[in-house]
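These are my notebook entries on a structure that I am opening for the first time. I set down what I looked up, entry by entry.

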Amino acid sequence: MGVRRWRTAGGALLRVLVVWSVSTLTMLALAGILPDFELQSPGGDSATRTAITAALGAGAFGLLSALVWPLVVRALLLVPALVLGLLVFFLNGSLLLIALWLIPDGRGAADPETAVVVAAVMSAVASATSTALAVRDDNAYRRRLSRLADRRRRRRGERIAGSAPPGTVFLQLDGVGHAVLLRAVEDGLMPTVARWTEESHRLIRWRTDWSSQTGASQLGILHGSNHDVPGFRWYEKDTGRIMVSNRPASAAELQRRAVARTRDAGLLGPDGASRGNLFSGGADQLALVLSVAARRGRANRSRAGYFAYFSDPANAVRTALSFVAEVAREIGQSVRSRLRGDEPRVGRGGLYPFIRAFATVVERDVVVAAVIGDMLAGRTAVYADLVAYDEVAHHSGPHSRDAAHVLERIDRAVALIAKVAEHAPRTYRIVLLSDHGQSPGETFEGAYGLTLKDLVRAGCGLPVPRRAGRTRSGAEARDAVRDALRSALHRPVGDDDPDELPTGGSDPVVLASGNLGLVSFPGVPGRLSREQIDRRHPALLRTLANHPGIGFLLVRSERHGSVVLGRDGAELPLGTLDGSGPLAVFGPGAADVVRRTDSFPHVADIMVNSMYDPGSGRVHAFEEQIGSHGGLGGEQSYPFLLFPRAFSEPVVDDEELAGAERVHEVLRRWLVESLGDAHAPQVPLGGTENPRPPDGTGEAFPVAGGTGQE
């Protein structure tokens with residue numbers, strides 16, 4: 001222990017000396033460049049004397065910054081960001097003038113304008129140097145956060161009894177499938193997870209619902225119900241709006257519906273914390289939680305996560321430098337991928353490098369720091385989502401080298417959290433889980449030259465872009481429309497069937513959720529039947545069902561109830577479906593999840609699932625993603641659950657853990673095992689845990705003129 005303390009102290013002293021030396025060299029360089037900045041007496045000094053003057057000035061400036069900065073940040077937290085930025089420059093310049101004034105014999109001098117420039121450059125260089133030295137020193141970062149948490153606890157008078165029951169931390173590794181995690185462990189990318197699987201944890205896989213995406217899975221896990229969530233995006237005819245799971249107003253409405261259905265606020269309870277999630281889970285402590293992001297004013301506690309993190313300059317510099325490095329890394333990886341001719345490939349330009357950097361750096365750093373703070377504060381239950389892998393895998397592929405590098409960094413974050421748990425005021429059990437996996441494959445548009453929306457419009461006889469009309473799929477759809485119209489016009493119409501001839505109506509709303517497509521006709525109330533669709537658009541269902549990029553369709557039939565349609569005229573009633581026919585390739589349980597989704601009030605008129613090749617694991621996303629999830633097919637439907645062996649088994653014998661709602665039941669049971677019945681999350685309905693969307697422009701996205709956006 002003594003040797004470790006001396007080593008730690010020696011490392012800290014070395015970092016101080018390095019930063020001081022770099023600051024001194026920076027001050028000397030600026031004195032040589034800027035005419036109004038001097039470090040010598042009027043008669044001139046030797047090089048040694050000038051260097052000593054620079055060292056004294058740099059040391060005084062650094063000491064003043066360290067002593068004054070925390071007090072200033074605390075005083076200026078309520079100042080608008082732009083004004084605060086200007087004040088920081090002014091303050092730094094003032095501190096530099098004071099530092100120069102403290103140099104003996106008056107050898108340092110600068111104009112006020114020059115002082116601002118010199119102070120800004122020196123602060124940036126010093127921060128960059130200290131952060132570069134400590135950016136990989138997770139122990140230093142952990143000790144800093146521990147000290148801050150101890151101060152907060154003492155200030156608030158919080159005490160955690162030594163005999164307190166164990167707390168639980170749930171870390172969601174967004175998009176990391178069971179198979180991907182196994183490969184990462186075998187390849188040595190995740191040594192922390194590998195050690196846990198060998199020594200203390202058990203790893204199993206679970207199966208998602210048909211909608212294999214975060215909105216459905218996390219709503220079910222945190223709130224116990226994902227009823228009526230047919231996709232990531234869907235159109236609701238009764239309100240004329242498009243719901244999008246990752247929009248604040250939609251997330252708030254989904255949480256409200258789940259709470260109303262279960263009569264329970266969620267998994268985490270009043271002493272819980274929700275970090276980086278779509279939904280609150282009933283927690284009182286929130287940071288970066290989307291379902292409350294639409295709230296205005298003091299009611300929005302979620303945004304406080306950003307301010308609490310970035311109010312510490314060390315955090316801000318550490319994250320800012322990592323952000324810039326991640327943008328550069330993405331640009332480099334994208335260029336190399338293009339030069340190698342990697343296929344499949346999607347565009348990664350525009351704002352994407354910055355979006356990726358936010359997901360892999362900013363969100364990760366804020367969430368990890370919040371989780372560490374929660375443990376050091378002794379919270380009973382914490383649920384946090386790390387989205388880095390999911391974002392990168394969408395654009396680089398779930399099995400790519402880019403995604404593998406992200407998994408390595410996620411493992412380091414998990415190791416840091418586990419290390420902090422050793423210093424927490426109570427014991428913590430850490431559970432790793434994912435909400436879905438990802439399946440690789442070329443996009444639908446990349447494979448066939450047109451989008452699902454183009455194909456639907458062509459099948460309806462509506463205009464399509466010229467590029468789509470030239471494709472083979474577009475030409476076949478047009479031919480099918482002509483044949484259907486010719487057949488309909490020559491068929492006699494009965495007096496009692498006035499709607500038999502094709503009619504127009506509003507344009508269809510076509511929405512994509514990974515490799516799941518949802519087609520709705522807003523001009524007709526209620527869910528259209530197969531017979532109604534055939535009368536209005538005789539070629540549409542045949543065009544979709546026979547397309548090689550589509551696996552199956554789900555529609556409602558007036559004669560047979562809901563049916564699954566496949567290629568070559570395959571039609572199977574849903575009530576008797578047993579996983580054969582078009583669903584056979586999608587594996588066990590496919591019929592059950594399709595049957596459940598069919599019961600949702602807002603299921604689309606036509607549900608479209610892409611093809612799936614079990615040999616390669618490929619699907620075709622209806623979005624610009626070469627790693628996708630949202631429907632059935634392959635690894636996307638099989639996330640993982642890694643839990644301490646101290647917990648009871650999730651399921652008995654060889655039973656499959658199926659559905660996010662079942663996962664919620666398992667996690668709640670584990671909390672009861674850790675905390676006891678008296679400590680289990682049992683939050684009554686009402687209050688702040690039943691959020692409603694803001695008035696006015698709030699609830700989701702209205703469809704103007706009956707036409708939705710893809």
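This is a predicted model: local features need pLDDT of at least 70, side-chain atom pairs count only at pLDDT 80 or more; totals for chains, interfaces and linings use all residues.

**Entry 1: cavities**

I searched the whole structure and found 3 cavities of 30 Å³ or more. The largest cavity holds about 40 Å³ of space. Which residues line the largest cavity? I listed Asp 209, Trp 210, Ser 211, Ala 216, Asn 226, Val 229, Pro 230, Arg 596, Thr 597 and Phe 600. By class, I recorded 5 nonpolar, 3 polar and 2 charged residues in this lining.

In soluble globular proteins, nonpolar side chains tend to be buried together. Here the largest nonpolar core has 58 residues, and Trp 210, Leu 583, Val 594, Leu 641 and Leu 667 are those with the most contacts inside it. Helix H22, residues 660-675, supplies the largest share of this core, 6 residues. Apart from this core lies another, of 48 residues, which includes Val 366, Ile 372, Ala 413 and Leu 432.

I then followed Leu 667. Leaving aside neighbours within four places in sequence, I found Leu 667 in contact with Phe 170, Ile 221, Leu 267, Tyr 383, Leu 433 and Leu 641.

**Entry 2: helix H9**

I checked the length of helix H9, residues 248-262. At 1.5 Å a residue, its 15 residues should span 21 Å, and the end C-alpha atoms are 21 Å apart, so the two values agree. The buried residues of H9 are Ala 249, Ser 250, Ala 251, Ala 252, Glu 253, Leu 254, Gln 255, Arg 256, Ala 258 and Val 259. What covers them includes helix H8 (214-223), strand E5 (233-236) and strand E6 (241-244). Just after H9, I noted that Arg 263 takes a positive phi of about 60 degrees.

**Entry 3: Ile 410**

I located Ile 410 in helix H14, residues 401-421. Is Ile 410 buried or exposed? Its relative accessible area is 5%, so Ile 410 is buried, the cut-off being under 20%. Leaving aside neighbours within four places in sequence, I found Ile 410 in contact with Leu 173, Met 190 and Tyr 389. Ile 410 and Ala 388 are 22 residues apart in sequence, and their C-alpha atoms are 7.9 Å apart in space.

Key
Residues are numbered from 1 along each chain as its sequence is written. Side-chain values use heavy atoms; hydrogens and water are left out. A nonpolar core is a set of buried Ala, Val, Leu, Ile, Met, Phe, Trp, Tyr and Cys residues joined through side-chain atoms within 4.5 Å. Buried means under 20% relative accessible area, exposed over 50%, partly exposed in between (1.4 Å probe, protein chains only). Helices (H or I, at least four residues) and strands (E, at least two) are DSSP runs, numbered from the N terminus. Contact means heavy atoms within 4.5 Å. On a 1 Å grid over the protein atoms alone, a cavity is a set of points where a 1.4 Å probe fits but cannot get out, and a pocket is an open set with protein on both sides within 12 Å along at least five of seven lines; lining residues have an atom within 4 Å of a point. Grid points are joined across faces, edges and corners, and a volume is the space filled by probe spheres set on the points. Ala, Val, Leu, Ile, Met, Phe, Trp, Tyr, Cys and Pro count as nonpolar, Asp, Glu, Lys and Arg as charged, and the others, Gly among them, as polar. The expected span of a helix is 1.5 Å times one less than its number of residues.
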